[in-house]
Amino acid sequence: MRFDVFEKILSDLKEVGYSGAIHLYLMAEPLFDERLPLMVRVTRFKFPDNEIMISTNGDLLTEELAMKLIKSGITWIAVSQYDTIETIDHKQIVYTHVGALRHTFYNRAGHVNVGCIEPLRACNWVFDKAYINWRGDVILCCSDYDYEIIFGNVMFDSFVNIYNSDKYNTYRDYHKRGRGYELSLCDRCNRILNRSITNEWNQEEDDLYR
């Protein structure tokens with residue numbers, strides 16, 4: 001991500017008094033970006049009270065880099081421990097073994113052949129999160145590897161306008177009514193219940209989500 005895109009995102013969030021978490025990663029390994037400590041520092045300067053975190057596989061995480069990120073203002077570092085790596089003992093570094101991660105596995109909107117242990121009636125991500133790729137495109141989620149669903153670009157519009165756009169709200173509305181399986185990209189995701197299962201619910205239960 002170019003730094004001007006990064007700064008525009010922060011400015012848009014600052015303008016509306018954003019108080020939520022800021023995750024400085026999306027699909028790639030964040031520790032490959034040598035600017036990460038600087039990006040954490042800039043984010044912390046603009047958002048002194050917000051949670052700032054990354055998720056990493058830990059392969060590139062050294063004690064020196066970890067301390068640099070912590071001193072820069074990162075809240076915590078989540079390490080998905082898929083293999084044997086040297087751990088660093090610090091309260092702001094949280095390791096999760098692959099065994100505990102298995103309950104989160106799903107098919108990444110049809111990109112991989114993996115089951116889903118507990119599919120949801122509605123995807124909470126369209127309500128709780130927002131995803132911005134390296135180009136500044138606000139995309140559907142972290143499974144949209146090919147950038148199929150783009151709601152807008154922060155370099156041409158404000159993040160708030162994009163987040164509240166008709167297209168974005170359509171996705172939320174469909175998931176709220178348990179019909180996310182009808183949406184493009186979501187129709188390939190086994191993180192949510194499919195059509196055959198969803199149609200078994202009676203009307204009274206369905207009305208609770210309207």
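**Salt bridges in the predicted model**

The structure contains seven salt bridges, a salt bridge being a side-chain nitrogen of Lys or Arg within 4 Å of a carboxyl oxygen of Asp or Glu. This is a predicted model, in which local features need pLDDT of at least 70 and side-chain atom pairs count only at pLDDT 80 or more, whereas totals for chains, interfaces and linings use all residues. Residues are numbered from 1 along each chain as its sequence is written, and side-chain values use heavy atoms, with hydrogens and water left out.

One of the salt bridges joins Lys8 and Asp12. The closest N and O atoms of this pair are 2.7 Å apart. Both residues belong to helix α1 (residues 3-15); helices are DSSP runs of H or I with at least four residues, numbered from the N terminus. Because Lys8 and Asp12 are four residues apart in this helix, about one helical turn separates them. Asp12 is buried, at 7% relative accessible area. Lys8 is partly exposed, at 25%. Buried means under 20% relative accessible area, exposed over 50%, and partly exposed in between, with a 1.4 Å probe and protein chains only.

A salt bridge also links the side chains of Arg2 and Asp4, with an N to O distance of 2.9 Å. Asp4 is partly exposed, with a relative accessibility of 35%.

Asp33 and Arg35 form a further salt bridge through their side chains, at 2.9 Å from N to O. Asp33 is partly exposed, at 26% relative accessibility. Arg35 is likewise partly exposed, at 28%.

Note on methods: Helices (H or I, at least four residues) and strands (E, at least two) are DSSP runs, numbered from the N terminus.
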